[in-house]
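This report covers salt bridges and a helix pair. Please view the sequence and structure below before reading on.

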Amino acid sequence: MQKKLRQILLYPFSLIYGLGVYFHILIYSLGIKKVTSYNFPVICVGNLSVGGTGKSPMIELLLKIFQENNNLKNIATLSRGYKRKTKGFILLNGKETAQEVGDEPLQFKQNFPLANIAVCEDRRIGIKNLKKLPIKPSVILLDDAFQHRKIKAGFNILLTSYDNLYCKDYLLPAGNLREPRSRANNANYIIVTKCPDTLSLQEKKDIIACLNPKKNQQVFFAGISYAEKVKNKTNQLPLVQLPNFTLVTGIAKPKPLLDFLNEKKLKYTHLKYPDHHNFSKEELSFLKEKELIITTQKDYMRLKNVIPNNKIFYLPIETKILDDTEVFKKGILKVMKL
C-alpha cells in the first residue's frame, strides 16, 4: 500500500522526467544528433531500469560462449567504468585498480584475461581505439549501453529482473525505469534474469504476456548459479565449512545472494553498502578488523588490495539460461558470424 501511495504521489514528477527522456530520444530520431553504426558486430547488453538486472554476469556468459567457439583475442568489451577516478580510454592489462577502471571491467579481465577489456565514457571513441589494436576485435560487447543513443548496436540484449519486470514498472522517480517501456522494442533478445529454477510454464507464459514482445523478438529466462566454494588470490574454501563470517555487499540487489546463503543455513552478519560503493578509510579500517569477510567478486575487486588476503574471499556467480540454451547460443554465434 505504501509503495502504491508513493507511486501516485511521485507520478507527476515521472511525467516531467518522461518529457525530458522523450525529447532526448526525438533529437536522435530526427537526426539532429548523429547516430553511429558499424559494419562489424556490436552487441549491446543493457536494461531500462536503474541497476540490479545482472548485466555483468550476462557479459561473462557471452564471453564464455565466445571463448568456447573462438579466440578471445578477437573479442572486446567496452564499459564506461562506473565510478572510476580516471577519464578517457583505457585498455586493461589486469594490474589496474578498481578506482582506475571500475570494478566490473577489472572482474571481466580477471575472469577472461585473453579478452580485450576496455573502458571509455564515450563509446564511439572507445570503439575507435579498439579498432586500432594490432589484432582488431571482430566483435565488441557494449556493457550497459542500451540508453547510449550515439551508437546503434547491431544486436541488443535487454535484461529485466524477474522480481521487477519493466512491463510493471514506471519511470523515475515513481518507479525504477530510466527509459520508457517502449524502448524495449529495440531489443533483439529480452532476457528475464534472476529467475528461480522452479519457474513454472504458466509463470513464463504470464511474464511473456506482460512483456508483449514483437514477432522478431525472442524471450529467454535466466537464473543465477552460485559456486559451492569461495575464492581469493591463493585459496578456496567450501561454503559449508565456513565459520560465522561478515558478508559485505556493494551491489544493487543483494537479496538473491542472501536467499542462497540462508538456504545453506550459514551464519553471517550482513554489511550492506550502495552499488559500486567506494569505501572510505574509516570503513576500510573497520572491515580490516573482521576475522573473515565474504563478498561478491565485484566488491572483491575494490577490497582485495586493502583487506589481508587470508581474511577476504568472494563467491563466484554465473548466469545460466534456463531453457533453450542452444537456441540462445546459436543466435549469439550467428550475430558473430561464427
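D323 is partly exposed, at 32% relative accessible area, whereas K204 is buried at 14%. Buried means under 20% relative accessible area, exposed over 50%, and partly exposed in between, with a 1.4 Å probe and protein chains only. The two residues form a salt bridge whose closest N and O atoms are 2.1 Å apart. D323 lies in the loop between strand 17 (317-321) and helix 10, and K204 in helix 6 (residues 201-211), so the pair ties together parts 119 residues apart in sequence.

A salt bridge is a side-chain nitrogen of Lys or Arg within 4 Å of a carboxyl oxygen of Asp or Glu. Helices (H or I, at least four residues) and strands (E, at least two) are DSSP runs, numbered from the N terminus.

## Basis of the model

The model is predicted: local features need pLDDT of at least 70, side-chain atom pairs count only at pLDDT 80 or more, and totals for chains, interfaces and linings use all residues. Residues are numbered from 1 along each chain as its sequence is written, and side-chain values use heavy atoms, leaving out hydrogens and water.

## Other salt bridges

The structure holds 14 salt bridges. One of them joins E121 and R84, with the closest N and O atoms 2.6 Å apart. E121 is partly exposed at 36%, while R84 is buried at 11%.

E104 and K298 form another, at 3.5 Å between the closest N and O atoms. Both E104 and K298 are buried.

D103, D299 and R302 are linked in a salt-bridge network.
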